[in-house]
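Let's take a friendly walk through a protein model together. Keep the sequence and the 3D view side by side as you read.

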Amino acid sequence: MSFGRKAQLFPEGQRLCLRAPEEADFKAYRHFFAEVSERAYYLEEALLPLNEAQLRTYVSGMNEGDKYLAFSLVEKAGGKTVGLVNLDDIDLRSRHAVLGIAITDPSARGQGFAKEGVKLMLAYAFGELNLHRVEISYMEGNDASRALFNSLGFIDEGCRRDLTRRGNSWLDMHIMSLLEEEYFRTEGDHAARIADSPHQ
């Protein structure tokens, strides 16, 4: 099924906008990537701290070629960077990708920025990139991510059992996805306009 709807190039929300990571953004990312406890339920790989040089290499790699891209999540009022949202494993022929998000500024959490950031990236993914499917994964115990993606209409697809070890425990990685027809059914013809109230 083809939809042919186009979002504005970089969608803007009520409070946030997307832009390519800049030099000044690394300060906002530093705490999240330096503290392994921050990433315990975000990433499946071994929890290793990243120094600033490693962080720059890591984030730069998110925008290499056609397979990966990342945006900073920036408050429209004041220009403060609150997090990072990315698409990995982009396949423009089969039109699918994997979405990830992190609110890297601890003071910005609990204010609905993650939901607004995901909606902005979905508008870009299904609009500008014309993707058919967006997948996410969340680790067992990350109840906030599960609730977030459930609220946006993502469908459970199953889990990769005992994928990651944290301490002495093995944790499953759960998979969810959203298809373009499901997205546009919810968003209608105003998919690029994010109209949530500030605290949703």
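Arg133 and Glu157 form a salt bridge, with their closest N and O atoms 2.7 Å apart. The term salt bridge is used here for a side-chain nitrogen of Lys or Arg within 4 Å of a carboxyl oxygen of Asp or Glu. Arg133 belongs to strand β5 and Glu157 to strand β6 (residues 155-166), so this pair ties together parts that are 24 residues apart in sequence. Strands (E, at least two residues) and helices (H or I, at least four) are DSSP runs, numbered from the N terminus.

This is a predicted model, in which local features need pLDDT of at least 70 and side-chain atom pairs count only at pLDDT 80 or more, while totals for chains, interfaces and linings use all residues. Residues are numbered from 1 along each chain as its sequence is written, and side-chain values use heavy atoms, leaving out hydrogens and water.

How many salt bridges are there by this rule? The count comes to ten, and the table shows some of them.

| Pair | Closest N to O |
|---|---|
| Arg133 and Glu157 | 2.7 Å |
| Asp25 and Arg19 | 2.7 Å |

Arg19, Glu22 and Asp25 are linked in a salt-bridge network. Is each of Asp25 and Arg19 buried or exposed? Both Asp25 and Arg19 are buried. Buried means under 20% relative accessible area, exposed over 50%, and partly exposed in between (1.4 Å probe, protein chains only). Glu157, with a relative accessible area of 43%, is partly exposed.

Now for the nonpolar cores. Such a core is a set of buried Ala, Val, Leu, Ile, Met, Phe, Trp, Tyr and Cys residues joined through side-chain atoms within 4.5 Å. The largest one has 35 residues, and Leu87, Leu99, Leu122, Phe149 and Phe154 touch the most other members. Helix α3 (residues 113-128) gives the most to this core, nine residues. A second, separate core of nine residues includes Leu55, Val59, Leu84 and Ala102.

Next, look at helix α4 (residues 143-151), where Ser145, Leu148 and Phe149 are buried. Seen down the helix axis, the buried residues of α4 fall within an arc of 85°, so they line one face; the arc is that of the directions from the axis to the C-beta atoms. These buried residues pack against β4 (96-102), α3, β5 (133-139) and β7 (169-179), where contact means heavy atoms within 4.5 Å. After α4 comes Gly153, which has a positive phi near 90°.
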